[in-house]
Amino acid sequence: MRILVLTHYYAPEYGAPQRRWSALVSRFITAGHRVTVAAPVPHYPSGRPTVEQRRDHRVGGAEHGAHGGTVLRTVYLPHRGGIGTRTADHLVAALDALCRLRRRFGRPEDRPEVIVATALRSSVVALGKRVVHRQVTDWQTETYAVVTTTSRLATGRHVTALLEGEAADIVRDSGAGDVLPPEDVAALVELWRGLAADRSRTAVRSSGRDWVSEHADDDGLARTYLKILREVVAD
């Protein structure tokens with residue numbers, strides 16, 4: 001398949017989404033698929049690229065990815081981490097990606113058969129035959145909280161999670177720690193006093209690692225992604 005991945009975070013940046021996409025893309029390519037990734041010039045987490053990143057990654061450049069495939073670098077908006085400027089950064093990068101990808105995939109025979117977007121953008125529909133907007137796994141819908149949670153579970157240590165929703169359910173289901181309402185400082189203090197009094201409650205356990213192995217293994221996720229992508233293309 002010809003696969004286009006649209007993401008705001010990609011290698012050589014460091015972070016959970018970047019690591020996850022690197023793992024999946026390398027497996028897509030190993031399985032024989034042609035992958036193009038559209039992502040801004042690296043500028044996470046500071047909001048600005050380093051001197052080396054600015055030198056090695058140019059806006060509009062088409063790079064050979066570290067895991068194979070092609071990485072198309074789009075515009076970014078420098079920011080200092082505030083929600084307003086970060087949102088604007090995402091918007092600017094998305095609009096620039098649309099313009100550049102329309103030019104690159106101008107001929108129908110060159111267009112990707114399927115597009116995987118980390119945040120669904122209706123504007124990308126015209127670029128490919130199919131856009132994947134189905135839930136690919138049972139834990140990725142709350143991207144940052146959930147990916148961070150699975151990273152913590154993999155350590156095998158007790159997790160204190162001030163979360164709600166799907167990420168909180170993961171901690172409960174795995175039995176890897178305690179879940180409290182977000183920003184409930186009083187409950188956090190009470191819990192930690194209890195843990196300090198009974199250290200056996202923080203003992204290293206395998207349940208977290210077991211959950212990650214079953215639900216968040218890179219090889220398994222890649223197989224799941226590709227199965228769904230094939231179904232989408234076949235529809």
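Predicted model: local features only at pLDDT ≥ 70, side-chain atom pairs only at ≥ 80, totals over all residues.
Student: Is His158 buried or exposed?
Tutor: Buried means under 20% relative accessible area. His158 has a relative accessible area of 17%, so the residue counts as buried.

Student: With which side chain does the side chain of His158 make a polar contact?
Tutor: His158 touches several residues beyond four places away in sequence, among them Ala176, Leu195 and Arg205. The polar contact, at 2.7 Å, is with the side chain of Asp178.

Student: How many aromatic pairs does a search of the whole structure find, and what kind is the pair of Tyr9 and Tyr44?
Tutor: The search finds three aromatic pairs. In the pair of Tyr9 and Tyr44, the centres are 5.3 Å apart and the angle between the planes is 80 degrees. Planes over 60 degrees apart count as edge-to-face, so this pair is edge-to-face.

Student: How many residues apart in sequence are the parts that Tyr9 and Tyr44 tie together?
Tutor: Tyr9 lies in the loop between β1 (2–6) and α1 (16–30). Tyr44 lies in the loop between β2 (34–40) and α2 (51–56), so the pair ties together parts that are apart in sequence by 35 residues.

Student: Which residues form one aromatic cluster with Trp21?
Tutor: Phe28 in helix α1 and Tyr225 in helix α8 are 197 residues apart. Phe28 is buried at 0% relative accessible area, and Tyr225 is buried at 6%. The residues that form one aromatic cluster with Trp21 are Phe28 and Tyr225.

Note on methods: Residues numbered from 1 in each chain as written. Heavy atoms only, no water. Buried < 20%, exposed > 50% of the residue type's maximum accessible area, 1.4 Å probe, protein only. Polar contact = N/O pair within 3.5 Å; in protein donor to acceptor, adjacent residues only side chain to side chain. Contact = heavy atoms within 4.5 Å. Phe/Tyr/Trp six-rings, centres within 6.5 Å; stacked < 30°, edge-to-face > 60°. Helix = DSSP H or I, 4+ residues; strand = E, 2+ residues; numbered from the N terminus.
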